[in-house]
Amino acid sequence: MRYNPRMVKTKARTADTRPLPEGAVEKLRPALRGHVLQPGDDTYDTIRQVWNAMIDRRPALIVRCAGVSDVMRAVAFAREHDMLASVRGGGHNVAGNAVCDGGMMIDLSLMRGVQVDPSAHTARAQGGVTWGDLDTECQAHGLATTGGVVSTTGIGGLTLGGGIGWLMRSHGLTCDNLLAVDMVTADGGSVRANAQHNRELFWGVRGGGGNFGVVTTFEYRVHHVGPVYAGSLVYPAGKAEQAMQLYRDFIPSAPDELDCELILTSDQRRRPVVRLMLCYLGPKERGAKLIKPLRAFGPPVSDDVRTISYGTLQHMLDDLPGVRRSHYYKSNFMEKMTDAAIDVMLGRMAEPGVTTPLINFECFAGAVTKVREDETVFSHRKPSFNFTVESSWDGARGSDADIAWVRGTWEAMKPFLASGVYVNYMTDDKDEGQERVKAAFGAAKYERLVALKTQYDPTNFFRLNQNIKPRTQGA
Ligand SMILES: Cc1cc2nc3c(=O)[nH]c(=O)nc-3n(C[C@H](O)[C@H](O)[C@H](O)COP(=O)(O)OP(=O)(O)OC[C@H]3O[C@@H](n4cnc5c(N)ncnc54)[C@H](O)[C@@H]3O)c2cc1C
């Protein structure tokens, strides 16, 4: 049974909602170190907001957890009162899974502690930490682990889904650097999982998303990461096709110290434009020599590749237009970028009516592809590209034209795409469907995940995610 937010403070009822019992929230408040927000409270509307402006949901309760005991109490309360629950880390999930209508948002954004052990090369971070928090603390010791490229993204959702970032070709995905988690499970208890204890659960959290509980602490392996040679090269509008071919032919076989994303957009005349964003983990002299072919081509109309600190790089994309805009994505892996696929993409960029057409490629190579397929839930270990098509627009309403363009482009690209998809780039389950969730995990792994889900969350309490259905719910 779902709660209607308005019922908590007494108002209208509908057939499928029921109010919280009188005084229930008042009993919860003093038991918490953090606090509770309800509709009408001062910061309620700020805290319920997530990154994608298309998502406008109103939980009945927001529990702003200050620590593990608050998370345990929040889970116990939601279960006792049969409330739908969502978990908020950094709030960046494009599907808006961090927030629900009428239920409880378990908000971790006050839990931002980080402890780095420079001699052990490890970092422990609470469940609400952002990449900006973790990078800042790690960089104080010249350290870092693979992480999101925007500082406000939460470590929570990103790590649990896999974790793509500039360091991945050298050091693997974020989940490959995960050493342990402390987690509050659906029964309200707390459990630790690592390579020695609760090993199956530890496998499950490395790619299985937020299906098994609320992670209150992540522990990572961290690496020496000094200044990097990084920035972007933008090519002239008439050279998009050759620039994409250059990326396809040059980047996968480049040394693993070089990571590079391709962004295909269009200019005001709807001509396709290619931008390469790159990061070389090493000194300028070697980096400049390595990227010489990328500079020789074009020549680029803009080139800001230079030596910067890794911390600076990790803030470089923060100001791109995106926050509080509406966003819609579609994504899949692509094993080969053929000339025919490039033709289709360039053709789609010329379509009128779309606000900000964008296609993005991340290159999977190096350390990411050296991890054994069965070692983590994250499955996509073949050398490949991660293809994402998206658009964003101002305002909180869906834009039919943008959504249609994204879907149309994805449909046109399907003959060139693999079935696999990165869970963290998926939209909500109504849009994607359960078959896409299975494709994200792979059929065999999905079965193993169902067993784990049935063990840790048999009632599917944690279901606002790319959901693995327990056996009890007809998986
Ligand atoms: C601007 C932007 C940049 C991005 N960059 C990257 C990138 O560089 N690399 C990459 O791999 N992905 C990237 N992503 C995608 C990102 O991985 C997902 O959006 C991810 O869900 C974000 O995590 P979050 O904690 O901010 O999400 P939230 O929206 O807070 O949470 C999403 C879901 O994750 C789960 N969750 C979050 N925290 C916890 C926790 N502590 N315990 C249990 N479950 C939890 C819950 O199921 C929740 O519903 C980016 C997204 C955006 C919007």
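This is a predicted model: local features need pLDDT of at least 70, side-chain atom pairs count only at pLDDT 80 or more; totals for chains, interfaces and linings use all residues.
Local features need pLDDT of at least 70 and side-chain atom pairs count only at pLDDT 80 or more, while totals for chains, interfaces and linings use all residues. Residues are numbered from 1 along each chain as its sequence is written, and side-chain values use heavy atoms, with hydrogens and water left out.

**Exercise 1.** Describe the surroundings of the ligand.

*Solution.* Start with the shell: 33 residues surround the ligand, each with a heavy atom within 4 Å of it. Among the closest are Gly 89 and Tyr 422.

Next, look for polar contacts (pairs of N or O atoms within 3.5 Å). A polar backbone atom of Val 215 sits 2.8 Å from a ligand nitrogen. Ligand oxygen atoms lie 3.0 Å from a polar backbone atom of Val 149 and 3.3 Å from a backbone N or O atom of Asn 97.

Then check the cover: of the 940 Å² of accessible area (Shrake-Rupley, 1.4 Å probe) that the ligand has on its own, the protein covers 94%.

Finally, helix 6 (a DSSP run of H or I, at least four residues) gives the most to this shell, with four residues.

**Exercise 2.** Find the residues at the centre of contacts in the largest nonpolar core.

*Solution.* Such a core joins buried residues (under 20% relative accessible area, 1.4 Å probe, protein chains only) of nonpolar types through side-chain atoms within 4.5 Å. The largest has 47 residues, and Met 244, Tyr 247, Leu 294, Met 345 and Phe 361 touch the most other members. Helix 9 (residues 240–250) supplies the largest share, six residues.

Methods
A polar contact is a pair of N or O atoms within 3.5 Å; within protein, one must be able to donate a hydrogen and the other to accept it, and residues adjacent in sequence count only if both atoms are side-chain atoms. Helices (H or I, at least four residues) and strands (E, at least two) are DSSP runs, numbered from the N terminus. Buried means under 20% relative accessible area, exposed over 50%, partly exposed in between (1.4 Å probe, protein chains only).
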